[in-house]
Structures are given as C-alpha cells and as structure tokens.
Amino acid sequence: MLQHDVELKKIDLHTNKVIKRDFYKDRVVEVCPICGSSWYIKYGFYNGIQRYKCKVCEKTFSHTTNSLWSYSKKNTRTWLEFTELMTENKTLKFCAEKLHISIGTAFYWRHKILQALSIDSTPDSLSGVVHVGKVILKENFKGCRNAEIIASATPREDLWVIGAKGQEDSMFIKPIFKHQWDKIAFNEKVYSKIEKKSYIAPYGDSYIKSIARRHNRNKSIKVETEYRIKYLWPNLKKWLSIFHGVASKYLKRYLSFFIIMNLDKVIDYMDLIYDRLFEGNRFIKIAEIRIMNSPF
Ligand SMILES: [Zn+2]
C-alpha cells in the first residue's frame, strides 16, 4: 500500500537534503576544521555529503562543518525562506510567525546573514564622477546591557554616515565619525578612496562641498543626479525604521545590507545565498556575531 504524504513532509525532507548537498558540493575542505591538520581521509557519506576523518584528532567532518548553517537545527529550507523574507524587508516578528521560529532565532539568523554580507561590501576605490553625501543619525544604544546607564551618563551623539557612489556598481556608506565634522577622519576613511582624477559631486553639506571645490579645482561639470546619494537620508531613515531602530554597534552590518539592496545588479535571494554567503570558506561562528561596541 502506498502511503500518502498529505502534508508533503517527506518531500520537504528530501528537498532539504538536496538543497544542502547542492550548496556544499563545490566547497573545498583544505584542513581539518577542528585541529587544522591537513592529514585526513575520506570517510564515507552522510545524507549524500562526503565525510572525512582527521588522522590527527580523529574527529570526522564534512564540507558543511563550520558553515553558516551547520549549527542550525532548523532545516535549510527555512533558512532559504528566511533569507528571502529578509530581502523583502520583512520584520523579525513577521519572519518568526511565518516560519515558526522564535524571535530570538530570527534575530540571530539575521545577524549571521548580515555578518556574512558585511565582509566585503565596500569598494576599494571610487572613480569617475563620485557622488558624496551624508546622513546624521543619533547614536543608538539599543540592546546594550546597560543602555539606560549609558544614555543617562552620556547624551546620544550625532553619528556622521557618509555615502559615496562612483561609476562602479558599488557604494560606500559608513559611519565615519561622531559629534561634529572631522576632516582628518573624512580624509582618511573616505577621501583616500576617491581617485585623484575623478570628479566629486557633493550633496547638501557645506563641508563636503568645500572639499569637492578644492578637489575639482573650481571646475564645474554638469553631472546627472545620483538619487541614491541625493535621497540617502530619507531612504536610509525609511529602511532603518523597518528594524525599529538599529543599535549603533550593528549599524555597519545593516548598511552593508542596505548597499546590496541599492546596487544596480539585480540580486535575488538565491544569488545572495550562493554568491555572497558561500563565497570561499566563510565560517561564521556564534562568537563573531557579538562584536565590538564601536560603530566605526
Ligand atoms: Zn583534526
């Protein structure tokens, strides 16, 4: 007798296995992830995934060991759906309810993904017409264990977030300094990335305008408005509001995600997972999710 799989549970289980196998098939194991030794042997298959056994520490491992999802008890499919919802800017509450996961898990997953994305989203240099603008955000101590103490002892300062876009399909949006205009920090962290022969198009800030005038040697050419920089402030505000305020210590990660969502390249969530999250051997460990308190 054939048993009907009314809730398609088996199909889900198989899909999960196939997706997982496919994700990891190109991933190369170079050393034992436990002890770092390169002396290991093939050690059979588990769910279609090649396993290895280390000859030094005698532990077994596979391509999926230490990967983004290896510690997650939830299935790969739920991860995929979560990433998709994240690219649709859904709230944590919405994701948690839809995927039957806790808010805590959703928060942790979001940070795992943000962490993976934030590694290399910034261009090394900006060339051509370089559009530069700024947004001032108030410091946010959300999630800090002693948020109230910090807030009462020190007033929330202004965080200067500088946005820049050159001819490349990449963007630069980063918190650069606190409190007031800091030319040294600007030069070091932003201006140094702008190529000498490029033309700077400034947006709405007198400091940036004066830097542009000097850089452009008072020449003025007609440039097409770059709306992603011109409307950086309203766009970023609107986008951050989805997350109900972002702690300053996590701001850089959220900005990386914002950048990816704002590039010309159309990235669907599958590409995002394949290209960004699985590029190289990106081992994201729980300890790395907790980062330093400085937003810079
Ligand atoms: Zn080992």
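Biologist: In which helix does T105 lie, and is T105 buried or exposed?

Modeller: T105 lies in helix α4; helices (H or I, at least four residues) and strands (E, at least two) are DSSP runs, numbered from the N terminus. This is a predicted model, in which local features need pLDDT of at least 70 and side-chain atom pairs count only at pLDDT 80 or more, while totals for chains, interfaces and linings use all residues. Residues are numbered from 1 along each chain as its sequence is written, and side-chain values use heavy atoms, with hydrogens and water left out. Buried means under 20% relative accessible area, exposed over 50% and partly exposed in between (1.4 Å probe, protein chains only), so T105 at 19% is buried.

Biologist: Which residues have the most contacts inside the largest nonpolar core?

Modeller: A nonpolar core is a set of buried Ala, Val, Leu, Ile, Met, Phe, Trp, Tyr and Cys residues joined through side-chain atoms within 4.5 Å. The largest one has 38 residues, and those with the most contacts inside it are F82, I173, W239 and L251.

Biologist: Which element gives the largest share of this core?

Modeller: The elements that give two or more residues include α2 (76-87), α4 (103-117), β5 (158-165) and α10 (251-262). The largest share is six residues, and it comes from α10.

Biologist: Which residues is F82 in contact with, leaving aside its neighbours within four places in sequence?

Modeller: Contact means heavy atoms within 4.5 Å. With those neighbours left aside, the partners of F82 are C95, L99, I101, A106, W109, R110 and I113.

Biologist: Is the aromatic pair of Y52 and F61 stacked or edge-to-face?

Modeller: Rings of Phe, Tyr and Trp (its six-membered ring) pair if their centres lie within 6.5 Å; planes under 30 degrees apart count as stacked, over 60 as edge-to-face and the rest as tilted. By this rule the count comes to 13 aromatic pairs. Y52 is buried at 10% relative accessible area, and F61 is buried at 0%. Their centres are 5.7 Å apart with 25° between the planes, and the pair is stacked.

Biologist: Why is the pair of F177 and W181 edge-to-face?

Modeller: F177 counts as buried at 3% relative accessibility, as does W181 at 15%. F177 and W181 also belong to one aromatic cluster with W160, F186 and Y207. The pair is edge-to-face because the ring centres are 5.5 Å apart and the planes stand at 90°.

Biologist: How many residues apart in sequence are the parts that D158 and K138 tie together?

Modeller: A salt bridge is a side-chain nitrogen of Lys or Arg within 4 Å of a carboxyl oxygen of Asp or Glu, and by this rule the count comes to five. D158 and K138 meet in one at 2.8 Å, N to O. D158 lies in strand β5 and K138 in strand β4, so the pair ties together parts that are 20 residues apart in sequence.

Biologist: Where do K178 and E139 lie, and how many residues apart in sequence are the parts they tie together?

Modeller: K178 forms a salt bridge with E139, with the closest N and O atoms 3.0 Å apart. K178 is partly exposed at 33% relative accessibility, whereas E139 is buried at 7%. K178 lies in strand β6 and E139 in the loop between β4 and α5 (147-153), so the parts are 39 residues apart in sequence.
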